Amino acid sequence: MPNPPEIQQQYRAAMTAGGVYARADRGLIEVRGKDRATWLNNLVTNVVKTLQPGEGNYAFATSVKGRAVFDMNILILDDRLWLDVDRRQIETATKHLERYVITEDVQLADVSSTVERHAVMGPRAGDAGGRLGLGNFSPMSQLQHVAGRIGASEARFVRHDFAGVPAFEIIVCGEDRAAARAALDALAGELHLATLSAATVQILRMEAGIPASVDDIDEEVVPPETGQVERGISYHKGCYLGQEVIERMRSHGILARKLAGLRVSGEAIIERGAEILSNSTVVGRVTSSCFSEAMGAVLCLGYVKSALAKVGTPVRVVVSGDEFSGEVVPLPVNA
C-alpha cells in the first residue's frame with residue numbers, strides 16, 4: 001500500500017534538501033596487528049593490501065564454494081582496519097575471520113559499542129560537510145575518509161552513498177556522544193534536514209538498486225549475482241578464499257542468476273522469499289520489497305534467471321497462494 005504521509009514527507013525531503021539517519025544497523029570490527037592487510041587480502045574479493053590510510057573499498061567474504069558469508073566496507077586507518085558490517089552479522093563475521101588466523105599477527109575486536117554512527121544525505125549534504133570542516137566532500141571517492149571532530153568528540157567522516165544519494169557518515173569515536181548528537185541536531189536545524197527513518201532509507205536504497213546485507217545478500221548468493229562486481233570484486237588481485245569459483249564464472253561467462261528490480265501489481269508489500277514465476281516455472285525469489293515513491297508502485301528486488309533479467313520481461317510473484325503480475329524494470333529506478 002502507499003507509504004504513510006510521514007514517509008512520503010521524509011522521502012521528498014531527502015530528495016530535495018536532505019536528511020540525517022542514525023545508522024544503528026551497522027557494526028564495526030577492528031583489525032589490528034602487523035599482518036592485518038595481507039591476511040585480510042587473502043580472505044575477501046577486493047584488494048586490501050595496496051590501500052592507503054584514508055582509503056577504503058567494498059568487498060565480500062566468501063566460503064570455499066564462493067558463496068557470500070557476509071559483505072563489508074573496509075576502512076584503512078594508520079594503525080588498524082575497520083570492517084563495517086551489518087550488526088546482524090557481527091558474530092558470523094568474527095567467527096569466520098578468526099577461523100583463518102593461524103600464525104599471523106592479527107587481532108580482531110567488535111568495537112561497535114564504542115562508537116555512534118550517523119549519516120547525512122541528500123542535496124545539502126555538501127553544505128553540512130563544509131560546516132563540519134570537510135570542505136567540498138563531493139570529489140571524495142566512495143569510502144574515502146578523514147579524521148575530524150563533531151562537538152567535542154573525535155570522529156571519522158566517510159564518503160558513502162549507501163542509499164544512492166550523496167551522503168557521508170559520521171563515526172563518533174569520543175565519549176561525549178550527547179554533545180555530538182546536539183551538534184548534529186543543531187546543524188540539521190540550520191539546514192532544514194529531516195530526520196529519516198529506516199523505511200525511508202530502504203526506499204531510497206532499493207530505487208538505487210543497491211542490495212542490502214542479509215536481506216539481499218545471504219549464503220545462497222554468489223557475489224557476481226548481486227551486480228556489485230565493479231565496486232566489490234577484483235579479478236586481478238590473485239588468490240583468496242572462494243576465488244576459483246568466482247573466476248570460473250567470469251572466464252566461462254556463466255551467471256545463472258542476477259539481481260533484478262521488479263514492478264509488481266497491487267499495493268501489498270511482498271514478503272521475502274516469495275517465488276518469482278515465468279509461466280508456471282519458478283525462476284527466482286524476492287529478497288526485499290517496498291512501495292516506490294518514484295514509480296508509485298510496489299518495487300521488489302530479487303534474483304531471477306539471467307535470461308529473464310531483461311527489462312520488460314513479464315513475471316508473476318506468488319505470495320501465500322496469491323499471484324501478482326509484474327515485470328522487470330531498470331535499476332536505478334527512474335522517476
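View 1. A search of the whole structure, which is a predicted model, finds one cavity of 30 Å³ or more. The largest cavity holds about 40 Å³ of space, and its lining is made up of Leu75, Asp84, Arg117, Leu143, Val158, His160, Glu169 and Ile171. Sorted by class, the lining of this cavity has four nonpolar, one polar and three charged residues.

**View 2. The largest pocket and the residues around it.** The largest pocket has a volume of about 670 Å³, and of the 34 residues that line it, Arg23, His160, Phe162, Ile210 and Pro211 are the closest to its centre. Among these, His160 also belongs to the lining of the largest cavity. At least two lining residues of the largest pocket come from each of strand E3 (56-62), strand E4 (68-76), helix H6 (198-207) and helix H7 (229-232). By class, the lining of the largest pocket divides into twelve nonpolar, eleven polar and eleven charged residues.

**View 3. Helix H6 and its surroundings.** Helix H6 is largely enclosed by the rest of the structure, because seven of its ten residues are buried; these are Thr200, Val201, Ile203, Leu204, Arg205, Met206 and Glu207. After H6 comes Gly209, which has a positive phi, near 75 degrees.

View 4. In the largest nonpolar core, which has 27 residues, Tyr21, Met121, Phe162, Leu196, Val201 and Leu299 touch the most other members. H1, E7, H6 and E15 are the elements that give two or more residues to this core. If neighbours within four places in sequence are left aside, Val201 is in contact with Tyr21, Met121, Phe162, Ala163 and Leu196. There is also a second, separate core of 23 residues, which includes Ile74, Leu81, Leu108 and Leu241.

**View 5. Ile254 in its loop.** Ile254 lies in the loop between helix H8 (243-252) and strand E12 (257-264). Because its relative accessible area is 48%, Ile254 counts as partly exposed, given that a residue is called buried under 20% and exposed over 50%. Although Ile254 and Pro224 are 30 residues apart along the chain, their C-alpha atoms are separated by 10.0 Å.

Definitions and conventions
Residues numbered from 1 in each chain as written. Predicted model: local features only at pLDDT ≥ 70, side-chain atom pairs only at ≥ 80, totals over all residues. Heavy atoms only, no water. 1 Å grid on protein atoms, 1.4 Å probe; cavity = no way out; pocket = protein on both sides within 12 Å on 5 of 7 lines; lining within 4 Å. Points joined across faces, edges and corners; volume = space filled by probe spheres on them. Helix = DSSP H or I, 4+ residues; strand = E, 2+ residues; numbered from the N terminus. Nonpolar A, V, L, I, M, F, W, Y, C, P; charged D, E, K, R; others polar. Buried < 20%, exposed > 50% of the residue type's maximum accessible area, 1.4 Å probe, protein only. Core = buried A, V, L, I, M, F, W, Y, C linked by side-chain atoms within 4.5 Å. Contact = heavy atoms within 4.5 Å.
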